[in-house]
Amino acid sequence: MAEQVAAPAGPTAGALRDDALALARLGRKAASAYGRPDLVARLDDLVQRLEDRRVTVVVLGEFKAGKSSLVNALVSSDVCPVDVDVATVVPTVVEHAEAPAVQVLRTDDDDGGTDVVMVEPEDAAAWIRGEHRDAVSVRIGVPRRLLAEGFTVVDTPGVGGLDARRVAQSLGVLSTADVVLFVADGANELGGPALELLGLVRGLVPATELVLTKADLSQHVEEVAEANRAHLRAAGLDVAVHLTSSELRGHALRRRDAAMNEESGVPQLLARVREVAARSDGAAARATAATVIDVVEQLRAVFAAERSAIVDGAVPAEPPAAAPATSGSWQQLLTDEFSDFSSDLDFTLRRRSRDLLAEAEEALADGDPDELWPEITAWLEERAAADVVATFSTLRERTTRIATRVAERFELTGDGGSPIDGAALDDLVRQVLAALPEQAAIGTGSASRTTSGLNAFRSTFYAFTMFSTIGALVGVAAAPAALVLGLVIGGKSVRDEKTRTRQQRRIQAKAAIRTYLDEVAFIAGKESRDALRLVQRALRDHFTALATERQRTAAEAAKAAKRAAEADLETRRQRLADVDAELDRLDALAARADALAASLNGERG
């Protein structure tokens with residue numbers, strides 16, 4: 001697998017990204033020439049995002065499903081360790097480099113922060129396996145064709161049992177993902193928890209694909225794939241299913257066997273990843289076109305107002321509109337939307353907590369907490385963590401919808417980037433999950449087998465002594481009968497004692513569950529409300545900046561119109577030619593942006 005290529009000058013830029021970057025640079029040049037540093041700043045951010053564009057492919061799935069093997073197959077290099085035991089404990093980022101290099105982000109014991117250290121490539125596996133407990137993530141650079149195209153592949157820790165706490169460790173990576181490959185063993189159908197997790201991931205990253213690995217080892221992989229497609233349809237998940245064999249891919253590359261390579265299914269998966277990346281480039285280009293059109297309209301408004309004043313010889317009766325931004329309607333909409341969402345979020349958290357309590361109490365109704373408690377606590381902690389993840393997923397989705405609605409008040413079709421910091425929200429999710437309490441053991445106050453035995457012996461002995469004494473008083477040899485009666489009473493005492501202690505444990509268990517869920521609700525509720533306020537402020541600041549742009553446009557348009565109206569006839573005549581030339585230049589830039597948008601709309605249709 002010694003496939004090495006030189007890296008291009010920058011990330012592989014398809015025609016769409018090239019066109020978008022050129023358009024953004026032209027727009028920035030125009031805004032700078034017309035003295036609008038506020039518009040320049042917005043376009044600077046856009047240019048930087050386009051220049052730094054990487055396509056991040058995140059590989060996510062259960063332990064031992066073949067994630068690391070798939071990463072190796074995708075990049076054609078054994079960069080990630082593969083083991084019969086757990087191989088990947090920390091997220092591993094694989095990217096292009098001229099020569100192999102490994103960086104480790106680790107925690108710093110001195111100040112509690114993090115630092116980056118370089119390690120030898122042969123030592124990377126130990127860090128990835130978690131043999132060094134201070135490892136946070138590992139970044140591996142290798143010269144490979146896919147990576148040189150601008151792709152980055154991320155191997156995540158396995159989510160054994162689909163534990164939501166482990167899922168949350170990957171959320172920081174998912175927030176940067178362009179594509180998610182959800183990996184499952186091709187020998188088994190997806191269960192309910194896996195489908196639930198897949199739905200959550202699909203909600204966070206629309207470009208999510210299901211990859212069934214080890215296709216060469218299962219005789220029924222086609223039937224399993226079809227069953228999984230049925231499960232996905234029933235769950236309302238539009239997710240494609242791919243069959244792959246990393247083992248065949250490795251053999252094919254070593255033997256340079258094209259037919260075996262195709263049989264591995266990896267080339268088809270790579271083609272799909274590139275197709276999704278192209279769609280992502282289209283989205284970036286569409287946002288660029290919308291941003292440039294908005295910038296041109298603001299620049300044009302100033303010259304249009306000046307031209308109107310030159311032609312009419314007077315300032316327009318009504319100043320140029322500053323867009324709905326100046327009316328304050330967007331601010332009211334933002335406030336109302338977040339007020340409603342805050343109420344809905346609080347209700348959702350309470351309902352989930354109540355439903356969890358009801359399910360847990362139902363599970364305890366007919367069983368002994370002493371036997372069920374380990375299973376119940378594991379289930380309860382996982383469900384509570386899953387509810388936290390789902391809550392923050394809802395927060396991201398709904399705040400995005402709110403941002404879209406507010407943008408409509410500005411008559412915008414796109415602003416070149418989301419003002420919502422998804423990575424910051426995902427970091428907060430991990431903090432909340434880390435803060436969730438763990439359930440304590442139940443049954444410490446219940447009677448032991450020794451205690452129950454002593455109680456039974458005591459009851460039997462008392463009954464035997466009582467009936468023997470009565471028999472002696474009446475002159476009857478009552479010992480055999482007394483012994484039988486004593487044993488009967490002793491047995492009943494044991495059963496009563498078991499029932500009593502079991503009931504006591506149930507009461508204790510239910511109280512512990514309520515306390516646990518109250519604590520979870522307290523932590524998740526506070527942090528979600530804090531997150532909501534942070535997102536609301538971020539959106540407010542974002543749209544305030546857009547409103548300020550429009551207010552400045554309106555002010556400059558009014559000033560230009562007043563200046564033109566006060567000029568003499570000859571000055572106005574000379575200025576008209578200059579204004580028309582500037583308007584022609586802006587119209588040409590707008591036409592270029594319109595052409596890019598039209599090509600994208602045609603492609604999408």
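A salt bridge here is a side-chain nitrogen of Lys or Arg within 4 Å of a carboxyl oxygen of Asp or Glu. Keep that in mind for the close-ups below, which all come from a predicted model.

**View 1. Glu566 and Lys562 pair up along helix α17.** Their closest N and O atoms sit 2.6 Å apart, making a salt bridge. The two residues are 4 apart in the helix, so about one helical turn separates them. Glu566 is exposed, at 58% relative accessible area, while Lys562 is partly exposed at 45%.

**View 2. Arg552 and Glu556 also meet in a salt bridge.** Here the N to O distance is 2.9 Å. Both residues belong to helix α17 (residues 479–566), about one turn from each other. Arg552 is partly exposed at 30%, and so is Glu556, at 23%.

**View 3. Arg405 reaches Glu337 from another helix.** The closest N and O atoms are 2.2 Å apart. Arg405 lies in α14 and Glu337 in α13, so this pair ties together parts 68 residues apart in sequence. Glu337 is buried, with a relative accessible area of 12%, whereas Arg405 is partly exposed at 42%.

**View 4. Helices α3 and α12 cross at roughly 80°.** That makes them roughly perpendicular, because angles of 65 to 115 degrees count that way. Leu70, Ala73 and Leu74 of α3 touch Val266, Leu269 and Leu270 of α12. The contact residues are 6 nonpolar, with no polar and no charged ones.

**View 5. Leu74 and Leu181 have the most contacts inside the largest nonpolar core.** This core has 39 residues, and α12 gives the most to it, with 6. Among the residues Leu181 touches are Val57, Leu70, Leu74 and Leu269.

Technical notes: Residues numbered from 1 in each chain as written. Predicted model: local features only at pLDDT ≥ 70, side-chain atom pairs only at ≥ 80, totals over all residues. Heavy atoms only, no water. Axes fitted to C-alpha atoms, helices over the stretch in contact; angles between N-to-C directions. Parallel < 35°, antiparallel > 145°, perpendicular 65-115°, else oblique. Contact = heavy atoms within 4.5 Å. Nonpolar A, V, L, I, M, F, W, Y, C, P; charged D, E, K, R; others polar. Core = buried A, V, L, I, M, F, W, Y, C linked by side-chain atoms within 4.5 Å. Buried < 20%, exposed > 50% of the residue type's maximum accessible area, 1.4 Å probe, protein only. Lists of a residue's contacts leave out its neighbours within four places in sequence.
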